[in-house]
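Plan: pick a few spots, look them up, jot down what turns up.

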Amino acid sequence: MTATAAGKRAEPAPHEGDDPCPIGAASEALFSRWTSHVLWTLQHEGRMRFGDLRARIPGVTPKVLAARLRKLERDGLVTRTYHREMPPRVEYEATDLARTLTPVFRMLAQWSERHLDAVRTARSEFDARDDR
């Protein structure tokens, strides 16, 4: 870090190739297609089997859901528990790390309730313009 004229320390310049946005990596990890749906559902519904989770997320394919669950497990946001019984049973659950996102999701849900109509209006107005 370097000192500024006011005596405060400035953040170092990003290294070449680094994302200059402080939330870029988090956005990529949390908000790729279906990821937030999976986390939201597991946080609100609790531990679930694959089929139950898929039933609660309309439109997601089994292949995509399996890939998202693997990614979230790798990121430490979901745990996968394999039960050695007949027939075998696998359950997925949000981790403590994933639960730290609850306030973030709550804030985004509130923002959506308050502002999504304005976004839709802006989109409609943009799409109706002739100057593009």
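Which residues of α2 are buried? I looked up T35, V38, L39, T41, L42 and Q43, and these are the buried residues of α2. Buried here means under 20% relative accessible area, while exposed means over 50% and partly exposed lies in between, with a 1.4 Å probe and protein chains only.

**Ground rules.** I'm working with a predicted model, where local features need pLDDT of at least 70, side-chain atom pairs count only at pLDDT 80 or more, and totals for chains, interfaces and linings use all residues. Residues are numbered from 1 along each chain as its sequence is written, and side-chain values use heavy atoms, with hydrogens and water left out.

**Overview.** I found six helices and five strands in the protein chain. Helices (H or I, at least four residues) and strands (E, at least two) are DSSP runs, numbered from the N terminus. Reading from the N terminus, I get the order β-β-α-α-β-α-α-β-β-α-α. The chain has 132 residues, and 20% of them count as buried.

**The sheet.** I traced an open sheet of three strands, ordered β3-β5-β4, with antiparallel pairing. β3 and β4 are the edge strands, each pairing on one side only. Two strands pair if DSSP finds at least two bridges between them. Strand β3 (residues 48-49) is joined to β5 (residues 89-94) by two bridges, and M48 has Y92 as its bridge partner. Between β4 (residues 78-83) and β5 I noted six bridges. On that side T79 stands opposite E93, and H83 stands opposite R89. A hairpin of five residues takes the chain from β4 to β5.

**Helix α4.** Next I went to residues 62-74, which make up α4. Its 13 residues reach 18 Å from first C-alpha to last, close to the 18 Å expected at 1.5 Å a residue; the expected span is 1.5 Å times one less than the number of residues. Which residues of α4 are buried? They are L65, L69 and L72. Looking down the axis of α4, I see its buried residues fall within an arc of 65 degrees, so they line one face of the helix. The arc is that of the directions from the helix axis to the C-beta atoms. A reminder to myself: an α-helix has 3.6 residues a turn, so residues three or four places apart point the same way.

What do the buried residues of α4 pack against? I listed α2 (35-45), α3 (50-56), β4 and β5, with contact meaning heavy atoms within 4.5 Å. The face turned away from the buried side carries the exposed residues K63, R70 and R74. Just after α4, G76 has a positive phi of about 80 degrees.

**The largest pocket.** A pocket is an open set of points on a 1 Å grid over the protein atoms alone, where a 1.4 Å probe fits, with protein on both sides within 12 Å along at least five of seven lines; lining residues have an atom within 4 Å of a point. I noted about 210 Å³ of space in the largest one. Its lining includes F31, W34, R56, P58 and F105. α2 and α6 (102-128) each supply at least two lining residues, and the largest share, four residues, comes from α2.

Conventions:
Grid points are joined across faces, edges and corners, and a volume is the space filled by probe spheres set on the points.
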